[in-house]
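Reader: I have a structure open and some questions about it. Can we go through it one piece at a time?

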Amino acid sequence: HYSKPEAQVCALAHSSTVYVGNLAFSTRTIHLRRHFEQLGPVSEVHMGLDRFRKVPCGFAFVVFRHRMDALN
């Protein structure tokens, strides 16, 4: 949580994380990594999981090493 809206805007201005939604449930981390590495080095991929079945539920966060790659 941020103390002020300005602090959140500042944090977002330095972020290299991209939200990816509307994914097929069959999408896996390796699929996203291979796809997004075409833009630049990817440091992490976090798949959203169904809380009960622990299977992918259609969204992910891709973290790039460089902000410019995320912006592309």
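This is a predicted model: local features need pLDDT of at least 70, side-chain atom pairs count only at pLDDT 80 or more; totals for chains, interfaces and linings use all residues.

Reader: Back up a bit. How many helices and strands does the chain have?

Author: The protein chain has three helices and three strands. Along the sequence they follow the pattern α-β-α-β-β-α.

Reader: What order do the strands take in the sheet?

Author: The order is S1-S3-S2, in an open sheet with antiparallel pairing. The edge strands are S1, residues 17–20, and S2, each of which pairs on one side only. From one strand to the next the twist averages 20°.

Reader: How many bridges are there between S1 and S3?

Author: Four, with S3 covering residues 56–64. Within that pairing, Thr17 has Val63 as its bridge partner, and Val20 stands opposite Ala60.

Reader: And how many join S2 to S3?

Author: Six bridges join S2 to S3, and these strands also run antiparallel. His46 has Phe61 as its bridge partner in S3, while Met47 stands opposite Ala60.

Reader: What happens in the hairpin of S2 and S3?

Author: There are six residues between the strands, and Lys54 takes a positive phi near 60°.

Reader: Where does H2 lie?

Author: H2 lies across S1, S2 and S3, and runs at about 140° to S2.

Reader: New topic. How many salt bridges does the structure hold?

Author: One. Arg33 forms it with Glu37, and the closest N and O atoms are 3.7 Å apart.

Reader: Why does that distance count as a salt bridge?

Author: The cut-off is 4 Å between a side-chain nitrogen of Lys or Arg and a carboxyl oxygen of Asp or Glu, and the Arg33 to Glu37 distance is 3.7 Å.

Reader: Where is Gly40 found?

Author: Gly40 is in the loop between helix H2, residues 29–36, and strand S2, residues 42–49.

Reader: Is Gly40 buried or exposed, and why?

Author: Gly40 is buried, because its relative accessible area is 10% and buried means under 20%. Setting aside neighbours within four places in sequence, Gly40 is in contact with Phe64 and Asp69.

Reader: How far apart are Gly40 and Arg67?

Author: In sequence they are 27 residues apart, and in space 9.8 Å, C-alpha to C-alpha.

Reader: What about aromatics: how many pairs does a search of the whole structure find?

Author: It finds four aromatic pairs. Tyr19, Phe59 and Phe61 form one aromatic cluster.

Reader: Last one. What are the overall numbers for the chain?

Author: The C-alpha trace spans about 35 × 30 × 20 Å along its principal axes. Of the 72 residues, 28% count as buried. Among contacts between residues at least 6 apart in sequence, 52% join residues at least 24 apart.

Conventions
Residues are numbered from 1 along each chain as its sequence is written. Side-chain values use heavy atoms; hydrogens and water are left out. Helices (H or I, at least four residues) and strands (E, at least two) are DSSP runs, numbered from the N terminus. Buried means under 20% relative accessible area, exposed over 50%, partly exposed in between (1.4 Å probe, protein chains only). Contact means heavy atoms within 4.5 Å. Two strands pair if DSSP finds at least two bridges between them. Axes are lines fitted to C-alpha atoms, for helices over the stretch in contact, and angles run from 0 to 180 degrees between N-to-C directions. Rings of Phe, Tyr and Trp (its six-membered ring) pair if their centres lie within 6.5 Å; planes under 30 degrees apart count as stacked, over 60 as edge-to-face and the rest as tilted.
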